[in-house]
Amino acid sequence: MTVTETPSRQLAEHRGPLADLDTPDTLEALFGDPDDPANPLGHQAFVGADERGDFLPAGTKALQAYGIGAEFVPRALGGRLGQADDLARVLRTVFRHDGAVGLGCGAINLIASSTVWAAGDAEQQRWLASVLLDNRPTAGAITELAYGDDLARTQLRATERDGGIVLNGRKEVINNVARAHAITVLARTSEEPGSRSHTLFLADPASVPRHRLRFLPRYHTSGMRGTHLGGVEFLDCPLPVSAAIGGYGDAMETILRCFQVTKSVASGATLGLLDTMLRTVTGFGLQRRLYSRTVAELPHAEAELAGAFTDLLICDAMTTTACRALHVLPRQTSVYAAATKYLVPEIGQGAADRLAVLLGARSFLREGPHGAFQKHFRDLPVAALAHSGATVCLATIIPQLPRLARKSWFVSSAPDPALYRLGSPLPDLDFQQLEANAGPDDQVVATLVEVGQDVRCDPSLRTLCGRLLDELRSLTVGWRKLAPRNRTPFAAPIGFELAERYAVVLAASACLGMWWHNQDHPNPFMRDTAWVVSALDKLTVRLGYDPLPGAEAAARQVFAELLTRHAEHRAFDLTGRRLR
């Protein structure tokens, strides 16, 4: 591989997430009005491309015009990658319009490049930066179809021969692999058991003999039909020794560190799919009339719409906290990222299912004004599975929670408020600071303890925080009593249940932190208690508590805010920026 000079690029102006909320961001403005049938980047155009099973050409051109590749390149290398939560919001804009483009032209570049930023040498980083700054696609050939997320069983071999490296084996269900200009490959480099038997390599497909690569047939999916999922077989494929990313045997540790970034950012990005589904169903509810009133005026529909909005705010609080923790609490994000990647898709899918019930038969239509709903509904579970499923995420955190229960909960101090303050800039993401396993200091959950003591003047929050603190005490006892085997990825169901409950407490802590530390938010709704009361009520119900008496008043305020944002074309997330 060689480094080529790239032309100068106009980087999009960086603005804080709370700056000028009445002006759409640059990328959103490029997409235009999604409801306009004449818009080449509207919902109808993306639905049509999905029906054809391909990317919308106008969509990829718009992202190239924006310079999407720069979002994945660290600023030190000429790109725009600084804060992880900023990247999640940029990608959320893309996912709001189309999941296939969001994954195939967006998130996959983060998966492919993060290991190079974490462990690659200067030459590898400069070369990959040039590929991305030219908006050329990349791919991460990490998993194998036979073993899924069990990366330790990787069978593709890399062996030393004649002063170089030779790859033999195949990778399947890899996004963009046949189109990629750079591929990161996980290969086995030793037959010894354990975590030191695998190495990552950075391959330039254009520099290897074509007959040494055989691209496998494309896989077709029910959701994200435009994604180009394929496979590649390496047939004595030669690579230079310099293609190794980091040292031999370092791959697993590097991947564990980088997956914290990809899990957090991807979870925040895919909330764009839920935003569009909620927007579609809210519009339907305001237009459709039943029993001499609109559907949205029916008590059940109002409750479901407000609940879905609350779910989206919960998910944004959790993903934004996980993303910002990569900067503020890098030693802890192994747990935070995995818990986020487990719970956010669970909450999002539940909200989507209930919205589909409200939309009724129209939720199945693949054309017309509601066609975007069924497309996003099919895209959502595909996005949730990207590079790690729910079981793997829980199995990742189970071995780490007993130590937190023993050494951290009710002991650790609350984190730097910058973790939650949306308007506070953070140092650029430093992959070297991330740890493969979390340290014994759970400061996000410590937020629950701190804020829970300061909200006693609010009866609803006092009750809800009391429930959550009781749950945290129960978890502390539960983890201490757990048999040793149930503290491993091979745990019985009880271990997974305790991990699930921890994730809910973590989400509640994130909501409290986001509310407590953003009392300067331009939107009075975000400063008020209604949304956080509704969020904690939903989360404690998930833990088995009865709905809080009196929480209906908070839900009505949430519903009123939903209608306001819908009328003003604002995002349904923590920032609430105008979309057009």
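Which helix gives the most to the lining of the second largest cavity? Helix 5 does, with four residues. The model shown is predicted; local features need pLDDT of at least 70 and side-chain atom pairs count only at pLDDT 80 or more, while totals for chains, interfaces and linings use all residues. Residues are numbered from 1 along each chain as its sequence is written, and side-chain values use heavy atoms, with hydrogens and water left out.

**View 1. Cavities of the whole structure.** A search of the whole structure finds eight cavities of 30 Å³ or more. A cavity is a set of points on a 1 Å grid over the protein atoms alone where a 1.4 Å probe fits but cannot get out, and lining residues have an atom within 4 Å of a point. Points are joined across faces, edges and corners, and a volume is the space filled by probe spheres set on them.

**View 2. The largest cavity.** Its volume is about 130 Å³. Residues of the lining include Ala266, Thr270, Lys341, Pro345 and Ala384. Helix 7 (251-269), helix 8 (271-287), helix 10 (333-359) and helix 11 (371-385) each supply at least two lining residues (helices are DSSP runs of H or I, at least four residues, numbered from the N terminus). Helix 10 provides the largest share, four residues.

**View 3. The second largest cavity.** This cavity has a volume of about 80 Å³. Of its 13 lining residues, Leu103, Ala107, Ile111, Ala266 and Ala386 are the closest to its centre. Helix 4 (84-97), helix 5 (99-119) and helix 7 each supply at least two residues of this lining.

How values were computed:
On a 1 Å grid over the protein atoms alone, a cavity is a set of points where a 1.4 Å probe fits but cannot get out, and a pocket is an open set with protein on both sides within 12 Å along at least five of seven lines; lining residues have an atom within 4 Å of a point.
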